[in-house]
Amino acid sequence: MAPSSTPSIRADRPGPMYVTWDDLTAATRALAHQVTAAGKPQVVVGIVRGGMIPAAWLAHRLAIRDVRTVEVTRTTSDGINAAKSTLPTTRNPASLGDLTGLDVLLVDDIAGSGVTLNHTARMIRDLGPAQVRTAVLAVNRANWTQEPAPQHRIDYIASLTDTWVVFPWEEQHER
């Protein structure tokens, strides 16, 4: 897996960390640079809901027109420190279409435990792509309990933090 570069989302704010649109611009720029250093993928897949916006931004930055989504979630409600289900729930996996032989970039907004990202990556690998790479805007290390560390499980990471992250498209972003 490719090592991540210096995080571009500021993780030095007391939690929760409120990410701005400017932070996201910098983060998607950093992720796009990391991704292109390893070769441009053919397809970008965003995990619904949080991964949709960063997936679209990355697809534009990478000039990739094939963008798909799949709904996989563990969070049971909206809000800071929302409860999580034990296992991810997948809806409409057929939305991924045919990925046989393609280089796929899987994108989500945040990885806490990494369970949702790993589950979705396995689901995509079962569809026969040539390669599946993963990218996230942030990793919340406070929730990461598995080995190895997230930098060795996720290909591209814009930021590491130790607190809840609130993105500007989330209603609770208003402080």
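Okay, housekeeping. The model is predicted, so to speak of local features we need pLDDT of at least 70, and side-chain atom pairs count only at pLDDT 80 or more, while totals for chains, interfaces and linings use all residues. Numbering starts from 1 along each chain as its sequence is written, and side-chain values use heavy atoms, with hydrogens and water left out.

Let's start with the overall picture. There are three helices and nine strands; helices here are DSSP runs of H or I with at least four residues, strands are E runs of at least two, and both are numbered from the N terminus. In sequence order the pattern goes β-α-β-α-β-β-β-α-β-β-β-β. The protein has 175 residues, and 48% of them count as buried. Buried means under 20% relative accessible area, exposed is over 50%, and partly exposed is in between, with a 1.4 Å probe and protein chains only. Among contacts with a separation of 6 or more, 67% are between residues 24 or more positions apart, where contact means heavy atoms within 4.5 Å.

Now have a look at helix α2, residues 52-62. Which of its residues are buried? They are P54, A55, L58, A59 and L62. Looking down the axis of α2, these buried residues fall within an arc of 135°, so they line one face of the helix. That arc is taken from the directions from the helix axis to the C-beta atoms. Just after α2 comes A63, with a positive phi of about 55°.

Next, the rings. We count three aromatic pairs. The rule takes rings of Phe, Tyr and Trp (its six-membered ring) with centres within 6.5 Å; planes under 30 degrees apart are stacked, over 60 edge-to-face, and the rest tilted. W21 and W57 have ring centres 5.9 Å apart and planes at 35°, so that pair is tilted. W21 sits in helix α1 (residues 21-37) and W57 in α2, so the pair ties together parts 36 residues apart in sequence. Both are partly exposed: W21 has a relative accessible area of 41%, and W57 has 27%. Then there's F167 with W169: centres 4.9 Å apart, planes at 5°, so stacked. F167 is buried at 1% relative accessibility, whereas W169 is partly exposed at 25%. Ring pairs link W21, W57, F167 and W169 into a cluster.

Finally, T134 is in β6, residues 131-140, and it is buried at 5% relative accessible area. Leaving aside neighbours within four places in sequence, T134 contacts several residues, including L105, L117, A121 and Y156.
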